[in-house]
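Here are my notes on the model, point by point. Please read them with the structure open.

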Amino acid sequence: MLPGFFTKDVRATMNEKHRTFTAQSGMEHEFTCYRLGGPFPRTGGICIYTYRHPRGHLSGFMVHVLAIHPAENLHDCIATYDKTCVMRECCNSVYILKCRNAEERNAIHRDLRSAYPTPC
């Protein structure tokens, strides 16, 4: 397993609605899980494209981070994002953290990118 590639919170149920992603600084951010087809909120925030799959019998999910993007409008960003790379990597879910403040959003984005190397 690559360091920082998988989320540290792996004790999720099959109905996972939230997941905590820990940034390089140690700050924990709770993201809401969405199906790849949405619908997505029309607010600022950060989206994490992932490949999520069951770990085994009642062991929760393993999440592979594929891409991390900040957005002023999550709905528009996800709708217009070129998904060629993430679809090639089998993207099947999106985690969203709502954050209206652009400065805070960019700082969290940089911190998360340092913690999770992404192929896309």
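1. Ground rules. Helices (H or I, at least four residues) and strands (E, at least two) are DSSP runs, numbered from the N terminus. The model is predicted: local features need pLDDT of at least 70, side-chain atom pairs count only at pLDDT 80 or more, and totals for chains, interfaces and linings use all residues. Residues are numbered from 1 along each chain as its sequence is written, and side-chain values use heavy atoms, with hydrogens and water left out.

2. Overall layout. The protein has three helices and five strands. Along the sequence they follow the pattern β-β-β-β-α-α-β-α. Of the 120 residues, 46% are buried. Buried means under 20% relative accessible area, exposed over 50%, and partly exposed in between (1.4 Å probe, protein chains only). The protein exposes about 6,800 Å², and carbon and sulfur atoms supply 51% of that area. Accessible areas come from the Shrake-Rupley method with a 1.4 Å probe; for residues, only the protein chains shown count as cover.

3. Contacts. A contact means heavy atoms within 4.5 Å. Take the contacts with a separation of 6 or more: residues 24 or more positions apart account for 67% of them.

4. The sheet. In what order do the five strands of the open sheet lie? The order is β1-β2-β5-β3-β4, with antiparallel pairing. Two strands pair if DSSP finds at least two bridges between them. The edge strands are β1 and β4 (61-71), and each pairs on one side only. On average, neighbouring strands are turned by 35° against each other, direction ignored. Axes are lines fitted to C-alpha atoms, for helices over the stretch in contact; angles run from 0 to 180 degrees between N-to-C directions.

5. β2 against β5. Strands of a sheet pair through backbone hydrogen bonds, either parallel or antiparallel. Here β2 and β5 (residues 93-98) pair in the antiparallel sense over four bridges. Tyr34 stands opposite Val94 in β5.

6. The helix on the sheet. Helix α3 (residues 102-115) lies across β1, β2, β3, β4 and β5. It runs at about 140° to β4.

7. Aromatic pairs. The whole structure holds five aromatic pairs. Rings of Phe, Tyr and Trp (its six-membered ring) pair if their centres lie within 6.5 Å; planes under 30 degrees apart count as stacked, over 60 as edge-to-face and the rest as tilted. Phe21 and Phe31 have ring centres 5.1 Å apart and planes at 80°, so this pair is edge-to-face. Phe21 sits in β1 (residues 18-22) and Phe31 in β2 (residues 28-35), ten residues apart. Phe21 and Phe31 are buried. Together with Tyr95 and Tyr116, they form one aromatic cluster.

8. A stacked pair. Is the pair of Tyr49 and Tyr81 stacked or edge-to-face? Tyr49 and Tyr81 are stacked, at 4.7 Å centre to centre with 20° between the planes. Tyr49 lies in β3 (residues 45-54), and Tyr81 in the loop between α1 (74-80) and α2 (84-88), so the pair ties together parts 32 residues apart in sequence. Tyr49 is buried at 0% relative accessibility. Tyr81 is also buried, with a relative accessible area of 18%.

9. The disulfide. The structure holds one disulfide. The term means a pair of cysteine sulfur atoms within 2.5 Å. Cys85 is joined to Cys120, S to S 2.0 Å. The torsion about the S-S bond is about -80°, so the disulfide is left-handed. Cys85 lies in α2 and Cys120 in the segment after α3, so the link ties together parts 35 residues apart in sequence. Cys85 is buried at 16% relative accessibility, whereas Cys120 is partly exposed at 23%.

10. Cys47 is buried, with a relative accessible area of 0%. Cys90 is in no disulfide; its nearest cysteine sulfur, that of Cys91, is 9.3 Å away.

11. Backbone points to check. Cys90 is found in the loop between α2 and β5. Phi of Cys90 is near 70°, a positive value in a residue other than glycine. Cys90 is partly exposed, with a relative accessible area of 46%. The peptide bond from Gly38 to Pro39 is cis, with omega near 5°. Pro39 is placed in the loop between β2 and β3.
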